[in-house]
Amino acid sequence: MGSKVVVGMSGGVDSSVCAMLLKQQGYDVIGATMQIWDPEEGGAGREGSCCGVSAVEDARLVAQKLDIPYYVMNFRDVFREKVVNRFADEYLEGITPNPCIACNRFVKWEALLNRCLEIGADYIATGHYARIIKLPNGRYTIRHSLSDSKDQTYVLYSLTQDQLARTLMPVGQYEKDEIRKMAEEFGLSVAHKKDSQDICFIEDGDYASFIKSMKGTAGTPGNFVDRDGFVLGTHEGTARFTVGQRKGLGIALGHRSYVCDINTTSGDVTLGTDGDLYKTVLYANDINMMGVESFDEDRVYTGKIRYSQTSVNCKVKKIDEDTIKVEFEKPVRAATPGQAVVIYEDDWIAGGGTIIKRQ
Amino acid sequence: MDHIYLDHAATTRPDTASVEAMLPYLNGEYQNPSAIYQPAVKIRAKISSIRADIAGFLNTSPSSIFFTSGGTESDNWAVRGAAHIMRSKGRHIISTSIEHPAVLNTLKSLESEGYEVTYLPVDKNGIVSVSDIEAAIKDDTILISVMHANNEIGTIEPVEQIGRIANGRGILFHVDAVQTFGHIPIDVEKLNVDFLSASSHKIYGPKGCGILYIKNPSSFVKILYGGSQENGMRPGTENVPAIMGFGEAVNIARTRINDDLAHDMKLRKLFMDKLTEEVPGVKFNGSKESVLPGILSVTFEGVTAETLLIILDSNGICASAGSACAAGAIEPSHVLMSCGMDKESASRTVRFSTGRENTEEDIIFTVKVIGDYFRGRSKS
């Protein structure tokens with residue numbers, strides 16, 4: 001019998017094909033769906049989310065079709081504590097966290113991997129569009145998927161060397177169309193399922209209502225101000241806003257206005273022009289080094305400050321043990337505290353961290 | 001792979017005789033028992049004779065036995081119906097915190113309709129105190145509902161004493177006996193119950209069938225409306241094959257109830273001895289004396305039930321823990337937490353429930369698998 005691998009199955013086409021590929025490659029495959037959120041608590045459970053009852057039913061059917069054991073594992077406590085509560089707390093602090101990164105780091109890898117090792121597995125596998133490789137320097141890193149449009153490396157930058165050594169991502173070797181085709185050829189019912197989108201535990205992207213229902217507050221109420229501190233109007237709470245936001249501000253100024261800064265102490269939300277959002281320098285902490293042990297100050301890397309952004313040339317300087325300064329060749333738009341900056345060398349991740357400020 | 005089935009409290013493998021009793025009614029004898037032609041009359045007579053068998057088994061008359069779709073329907077019917085007929089007398093109901101969801105959630109729905117429910121706590125062994133019940137009774141108490149034995153820890157509740165109290169105070173008394181019917185002798189007269197729920201699939205019969213015992217059907221109400229089946233109390237064309245299989249299962253249970261108990265008792269002792277010997281830090285939950293011997297609740301040290309159940313499953317051993325959410329993930333048990341256990345310990349607790357087909361070898365192998373797992377962990 002081959003090595004034992006637990007595949008995290010969301011009921012979607014990517015993780016289903018992931019399980020299928022590994023089984024074909026001779027692994028001893030176990031399917032598992034992580035139950036991370038109670039649909040009754042809102043959000044998840046709707047079509048396309050990864051932990052609703054229908055997702056579990058799809059995953060279970062695929063596992064039966066592949067003739068592999070299948071389990072639903074309960075990760076609600078860790079998800080609530082490390083992802084949802086953190087998300088709400090940080091939003092209230094004026095920070096815009098990326099819950100998918102937190103979920104990958106604390107739930108999918110720390111918690112799932114540990115549990116899988118406990119049941120005797122050698123690896124975990126996921127349906128991410130990314131490739132894990134070992135570099136000549138002996139370090140593991142994550143390389144762009146062959147399917148450029150689906151590249152998911154950005155949300156995986158926080159994986160440690162030990163975690164990478166025990167993780168398989170076979171889907172990254174293929175294009176999305178090929179994955180769908182394989183699913184179809186094998187007769188997997190999920191071949192044409194829609195991709196999941198957006199934050200799984202919040203319905204309709206209404207973060208403010210969610211945070212209010214979780215924490216009883218939507219942040220500090222206060223004023224909209226311009227760059228010079230001139231009061232433009234009032235708002236009901238800072239948690240309604242994120243840096244770079246234009247829509248749904250609840251104020252009409254007759255010209256396009258964007259959130260440029262949020263002060264959760266005073267309640268001031270600074271509005272400005274799109275141009276005000278562009279900066280060339282940012283600082284980040286909570287650094288995870290991946291393909292290299294440390295950044296080379298003289299080297300030109302590329303950096304990405306959000307999932308969908310194209311990477312921009314940059315230089316990286318270590319400020320202290322856990323803080324870096326990233327200087328881009330040209331200004332980047334709306335580098336937002338709480339989001340990740342991921343630094344690439346060629347098409348693989350050198351390292352990354354959490355943005356703390358920009359200037 | 002041959003499975004070792006240690007989840008008899010969840011459901012049982014239908015007895016071959018029970019399956020065979022059903023087959024004619026899945027094949028040729030399909031007529032509607034309400035019809036006037038003779039093939040139908042024959043089926044209806046057979047249902048009557050099974051009703052009489054079950055009544056005899058419970059020491060009551062056939063007119064008090066009503067077939068339902070199972071334990072959940074019986075619990076809903078008894079609790080909701082009792083609340084309804086007594087509503088002019090009062091709105092207060094007494095139950096316990098460890099009831100099955102079929103009772104607990106029916107009570108919750110009644111609370112939203114203006115009834116008041118007292119959920120009594122249990123001691124660390126899962127036993128409700130008779131004096132607590134007595135103390136909880138108010139002028140407007142109309143119903144007491146207490147399970148006969150708990151499905152997760154096997155603890156048998158003092159229903160006979162509770163029945164005496166309820167009877168003396170003119171309060172209706174419902175017993176959810178889904179876990180005990182066919183496993184320990186039940187005499188509804190002795191228990192002083194007004195309603196008793198039982199199920200077929202927990203006693204080696206088919207799923208989808210059960211009974212509600214109703215002491216005074218003439219003063220009770222139905223909750224489902226339709227045709228005149230079950231003496232007008234429970235409409236819907238009878239689930240004939242299941243009733244046939246259930247009847248056979250009851251007859252088998254009646255003849256071997258004491259042998260079954262002795263068998264489970266022997267396996268329980270072996271299980272506890274072996275686990276204590278081979279697995280460090282195991283703790284057994286529930287009462288030592290007042291317990292269904294087939295249910296053994298064990299808290300393990302340093303490993304979650306979820307992990308241990310997967311290890312057992314990958315060795316072909318079926319056991320379970322707590323309850324499952326809609327999606328199928330394991331939740332820490334409300335029963336264990338009601339017994340004063342913290343959530344973390346509850347999440348390390350597994351329920352093994354033995355039954356007729358289990359052998360001593362099954363138990364020895366199961367403990368070996370668990371022991372090997374712990375030994376492997378302590379090495380690495």
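Domain bounds, as I use them here, come from an automatic or database domain assignment. For chain A that assignment gives three stretches: domain 1 covers 4-127 + 169-203, domain 2 covers 219-272, and domain 3 covers 277-358. Please keep in mind that this is a predicted model.

Taken over C-alpha atoms, the centres of domain 1 and domain 2 of chain A are 37 Å apart. Five residues from domain 1 and seven residues from domain 2 make up the contact. Together the two domains of chain A bury about 460 Å², and carbon and sulfur atoms give 57% of that area.

Next, the interface between the chains. Here 13 residues of chain A are in contact with 17 residues of chain B. The area buried between chain A and chain B is about 1,300 Å², with 50% given by carbon and sulfur atoms. Across this interface the rule finds three salt bridges. One of them joins A:Arg76 and B:Glu331, whose closest N and O atoms are 2.6 Å apart. The rule also finds eight residue pairs in polar contact between chain A and chain B, again with both residues at pLDDT 80 or more.

Where on chain A does that surface come from? At least two residues each are supplied by α2 (53-66), β3 (70-74), α3 (76-92) and α4 (99-118). Strand β3 of chain A gives the most, with four residues. By type, the chain A side divides into six nonpolar, two polar and five charged residues.

Last, one residue of chain B. B:Leu267 is found in helix α8, residues 240-278. Is B:Leu267 buried or exposed? The cut-off for buried is under 20% relative accessible area. B:Leu267 has a relative accessible area of 0%, so it counts as buried. Leaving aside neighbours within four places in sequence, B:Leu267 is in contact with B:Thr354, B:Gly355, B:Asn358, B:Thr359, B:Glu360 and B:Ile363. The C-alpha atoms of B:Leu267 and B:Gly294 are 8.1 Å apart, and the two residues are 27 residues apart along the chain.

Notes:
Residues numbered from 1 in each chain as written. Chains lettered and ligands numbered in written order. Predicted model: local features only at pLDDT ≥ 70, side-chain atom pairs only at ≥ 80, totals over all residues. Heavy atoms only, no water. Contact = heavy atoms within 4.5 Å. Buried area = accessible area lost by both parts, 1.4 Å probe. Salt bridge = Lys/Arg side-chain N within 4 Å of Asp/Glu carboxyl O. Polar contact = N/O pair within 3.5 Å; in protein donor to acceptor, adjacent residues only side chain to side chain. Nonpolar A, V, L, I, M, F, W, Y, C, P; charged D, E, K, R; others polar. Buried < 20%, exposed > 50% of the residue type's maximum accessible area, 1.4 Å probe, protein only.
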